[in-house]
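Q: Could you walk me through this one while I have it open? I'll ask things as they come up.

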Amino acid sequence: MRIFKILKKIENGFSENGSTTTSNQIRELKRATTVDYVYRDQESKDKIKPLNGFVTPLLTDLYQITMAYSLWKNNRHEIPAVFDLYFRKSPFGGEFTVFAGLEEVIRFVSDFHYTKEEVGYIKEMIPDCEQEFLDYLSKLDSSSVTLYAMKEGSVVFPRVPLIRVEGPMILCQLFETTLLCLVNFASLVATNAARHRLAVGKDKVMLEFGLRRAQGPDGAMSASRYSYLGGADGTSNVLAHCFFGIPIRGTHAHSFITNYSSPDELLDATIKDTQGNVHNLLEMSQKYRDELGFTATITSELVAFVAYARTFPNGLVALVDTYDTLSSGVPNFICVALALHQLGYKAVGIRLDSGDLSYLSKSSRKLFKQIGEQFKIDYFEKFSIVASNDLNEPTIIALNRQGHEIDVFAIGTNLVTCQAQPALGCVYKLVEINGAPRIKLSHEANKITLPGRKTAYRLYGSEGHPLVDLLIDDNDVAKDESKQIPQVGKKVLCLHPFEEQKRVIVTPVHIEKLHNVVFDKGQLSMPLPALSDIREYCFQQISKVREDHLRNSNPTPYKVSVTKELFDTLHNLWLDSVPIKEMK
């Protein structure tokens with residue numbers, strides 16, 4: 001049974017506890033049971049369920065249901081329709097987007113059905129609807145729906161459909177809000193992660209540390225999943241690790257440091273070395289502190305580092321900015337690291353969470369190298385330096401210009417909340433009804449829809465980079481496939497959809513068909529890829545795109561074009577759909 005939170009209107013009568021209720025009283029349905037989850041390899045191909053228990057047919061806008069009722073009442077519900085889901089402008093002032101959320105879309109569509117309880121809620125929301133409509137809804141499923149889509153993790157561009165939905169008008173319409181919800185945030189986060197990954201660089205580690213700042217538990221889980229897809233190497237989110245298999249990383253908080261105030265509070269300072277012999281780690285660390293002349297450091301901080309090192313002798317990443325990074329935190333870490341080394345263990349590094357990250361990281365690295373040379377320990381100069389001070393894309397780019405010694409970027413708020421742009425703006429538009437192309441007009445050219453059932457092809461140049469995405473009308477392909485589908489080594493005329501003078505001839509050396517069937521008449525068309533495989537595909541895609549399309553500042557626009565035939569169809573339909581004004 002689906003469990004979801006919904007505000008339910010109660011008729012006049014008595015509540016469960018016997019008290020009188022009014023017609024305007026609202027009851028809030030709470031979760032009474034736990035959703036059952038299974039591992040991917042235990043999941044039946046024919047019974048895949050949404051990843052999130054809230055994703056049901058009622059996760060929609062009311063007007064979708066009222067339109068569905070009107071379509072049914074006027075016998076328009078079974079007419080074959082085609083909808084495109086796409087976006088008009090890439091986010092964050094960039095020229096590319098990473099497509100994400102497809103698996104969740106497929107799971108929702110595959111499982112689409114109304115339960116008895118859900119039909120009952122619709123009856124309450126639309127009290128005057130006919131019982132025959134409710135009976136129709138109770139039998140509705142996705143067995144007549146086909147989805148075409150680009151591969152999840154693809155680098156995508158404005159106006160190219162991410163998903164094409166084909167099926168009865170009523171079903172296609174009922175999908176709209178849910179599909180947009182599943183794709184918009186997922187693609188936005190994945191793109192944000194990809195942009196941060198580009199800023200961080202291939203040779204550095206990028207972690208997602210945003211759980212505590214995310215927009216609620218659902219936002220947090222989605223953000224962790226799609227940050228990993230787009231470029232993060234790991235997450236601090238334990239539940240995301242358990243559910244999605246994302247590598248888990250973490251250190252400790254300032255509260256762990258400040259909860260110690262004196263050596264007496266460390267009741268047991270001993271540790272066994274790698275041979276099983278017992279030593280007092282605090283005394284050893286203090287000895288190194290005296291030897292190195294670090295006597296001005298905060299003792300309670302040293303105690304805290306020792307406490308953590310006793311627990312994780314091969315995993316110490318010390319948060320060094322609780323009191324003073326260079327005067328206390330880093331020296332205290334070095335003392336504990338030397339003691340661990342003497343016992344056969346290796347500390348990992350430090351975390352910087354405030355201050356001038358460029359200066360502090362370089363100064364810390366300098367000290368690590370100095371101590372490593374003094375004690376002839378070669379790995380000391382390679383200690384990992386983690387930075388986590390409210391990082392974002394511009395800050396990371398500035399750090400790269402200034403120079404730094406940071407190995408790991410732990411990014412929280414700005415990654416998971418997409419603070420630079422809160423929404424992607426995907427839209428879902430009817431482009432064909434009953435075999436006839438449809439168009440939606442606007443005074444803004446970029447809001448005019450591209451009519452008809454279309455397939456996109458990506459044309460590559462001799463250097464291996466994509467040059468243009470070409471949209472082709474499938475009806476034209478049906479008439480003469482050889483003339484419409486681009487071929488390697490043959491010139492292809494590519495036109496801007498709205499400005500005929502913007503045109504280019506491309507002779508592709510490689511061609512990639514972007515749209516493929518992913519769900520057909522109620523059945524999966526191919527196995528759902530693992531998240532790690534989608535992530536790897538995303539990396540491959542980004543590596544193919546020219547640097548000037550990816551750059552942070554003033555990126556070169558990527559060409560999205562149409563064939564001459566689709567251009568003519570668009571503009572003829574445009575003219576036919578605009579009323580001719582008469583002037584008197």
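Q: Which strands does helix H2 lie across?
A: This is a predicted model, and in it helix H2, made of residues 102-110, lies across S7, S9, S26 and strand S25 (516-520), running at about 35° to S25.

Q: And which strands does helix H5 touch?
A: Helix H5 (residues 169-200) also packs on the sheet, where it touches S9, strand S5 (80-86) and strand S18 (427-433), and its direction makes about 155° with that of S9.

Q: In what order do the strands of that sheet come?
A: The sheet is open and has seven strands, in the order S19-S18-S5-S9-S7-S25-S26, with antiparallel pairing.

Q: Why is one side of S19 and of S26 left without a neighbour?
A: Strand S19 (436-437) and strand S26 (523-524) stand at the edges and have a single partner strand each, so one side of each has no neighbour in the sheet.

Q: Switching to Arg107, in which helix is its place?
A: Arg107 is in helix H2.

Q: Buried or exposed, that Arg107?
A: Arg107 counts as buried, because its relative accessibility is 4%, where buried means under 20%.

Q: What does its side chain pair with, then?
A: The side chains of Arg107 and Glu103 are joined by a polar contact of 2.8 Å.

How values were computed:
Residues are numbered from 1 along each chain as its sequence is written. This is a predicted model: local features need pLDDT of at least 70, side-chain atom pairs count only at pLDDT 80 or more; totals for chains, interfaces and linings use all residues. Side-chain values use heavy atoms; hydrogens and water are left out. Two strands pair if DSSP finds at least two bridges between them. Helices (H or I, at least four residues) and strands (E, at least two) are DSSP runs, numbered from the N terminus. Contact means heavy atoms within 4.5 Å. Axes are lines fitted to C-alpha atoms, for helices over the stretch in contact, and angles run from 0 to 180 degrees between N-to-C directions. Buried means under 20% relative accessible area, exposed over 50%, partly exposed in between (1.4 Å probe, protein chains only). A polar contact is a pair of N or O atoms within 3.5 Å; within protein, one must be able to donate a hydrogen and the other to accept it, and residues adjacent in sequence count only if both atoms are side-chain atoms.
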